[in-house]
Amino acid sequence: MSRMTLTSQENIATVEKYKKEFCQEVEEILSDVFPKKIIELDKLFKSDKLKLSRAAEVREASKASLKEVTDQKAAAVSSPPPAKRRRNDSSHENGEDKMRFGTKVYCNAIVSELIGILKPEIRELIEYCNKIKMWIQLLIPKMEDGNNFGVSIQEETISEVSTFCEFAKVAFDDMSRYFVTRGKVSSKIVKYPHLEDYVQYLTELDEKQFLHIRVFANDLKMIYCCMFDIINKNLEKIKMPRSQMSSNLY
């Protein structure tokens, strides 16, 4: 057996069969799934869930999430002042700690619902992007001198898809960081319920996240549109990069 032979003919045939099935799967995603996704995301963006006027509802939901803090603050104001205690008596401080740790701050119901809708869409987009990149990579022919214009189109398409994929990953991380930031602000509100700035900041944070979600829902639709458009316009060169004379990328 030649030293240049990396594997048996049987294994090569198995890999080639997998490549053929995988390429067929990706082509079906591009032709069937992408158009449906564009329509679905367009309907979501135009739905009542993401209408711009809903920002007022988000602010109200933010205030509702602080109901227990508001109730305890009102009770503390109306209750008589505690009797004087000795300096080494820590029962009062312990009582405050129990009240603080027992206070529940809820998530913003509207923002949480929308994040629950978009996160699966983002995960799905990232998976599709990875499949498309692998599909194009498998279609790149062996290296040769000259006649590489089609290959450059393939590489440029992979680069565009990678950019879309990274954008989706950043949006996914942004949604996770929102909960961390909100948790930190909420802990400040529980600890300092008399400082209205923290309450206002929480409301502003929820409204900003709602607007980010709204914008990204539209971006998600545009990503599917752009990928479908770029690949469809250059499909011949992507599938057969050295089959004919070079043509423009767009």
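Which residues touch the most other members of the largest nonpolar core? They are Ile132, Trp135 and Met227, in a core of 47 residues. Keep in mind that this is a predicted model.

The elements that contribute two or more residues to this core are α1 (9–46), α2 (55–64), α5 (109–139), α6 (149–191) and α7. The largest share comes from α5, which gives 13 residues. Take Ile132 as an example: setting aside neighbours within four places in sequence, Ile132 contacts Val26, Leu30, Phe34, Val161, Met227 and Ile231. There is also another core, apart from that one, with 6 residues, including Leu66, Ile189, Val190 and Leu202.

Now the helix pair, α2 and α7. Their axes are 9 Å apart, and the packing angle is about 140 degrees. That angle makes α2 oblique to α7, since only angles over 145 would count as roughly antiparallel. The crossing of α2 past α7 is right-handed.

Who makes the contact? On the α2 side we have Ala55, Val58, Arg59 and Ser62, and on the α7 side Leu202, Thr203, Asp206, Glu207 and Phe210. By type, the residues of this contact split into 4 nonpolar, 2 polar and 3 charged.

Last, one residue from that list. Thr203 sits in helix α7, which spans residues 196–233. Is Thr203 buried or exposed? Its relative accessible area is 6%, so Thr203 is buried. Not counting residues up to four places away in sequence, Thr203 touches Arg59 and Ser62, and both of those belong to the α2 side of the contact.

Technical notes
Residues numbered from 1 in each chain as written. Predicted model: local features only at pLDDT ≥ 70, side-chain atom pairs only at ≥ 80, totals over all residues. Heavy atoms only, no water. Helix = DSSP H or I, 4+ residues; strand = E, 2+ residues; numbered from the N terminus. Buried < 20%, exposed > 50% of the residue type's maximum accessible area, 1.4 Å probe, protein only. Contact = heavy atoms within 4.5 Å. Core = buried A, V, L, I, M, F, W, Y, C linked by side-chain atoms within 4.5 Å. Axes fitted to C-alpha atoms, helices over the stretch in contact; angles between N-to-C directions. Parallel < 35°, antiparallel > 145°, perpendicular 65-115°, else oblique. Left-handed = near helix turned anticlockwise from the far one by under 90°. Nonpolar A, V, L, I, M, F, W, Y, C, P; charged D, E, K, R; others polar.
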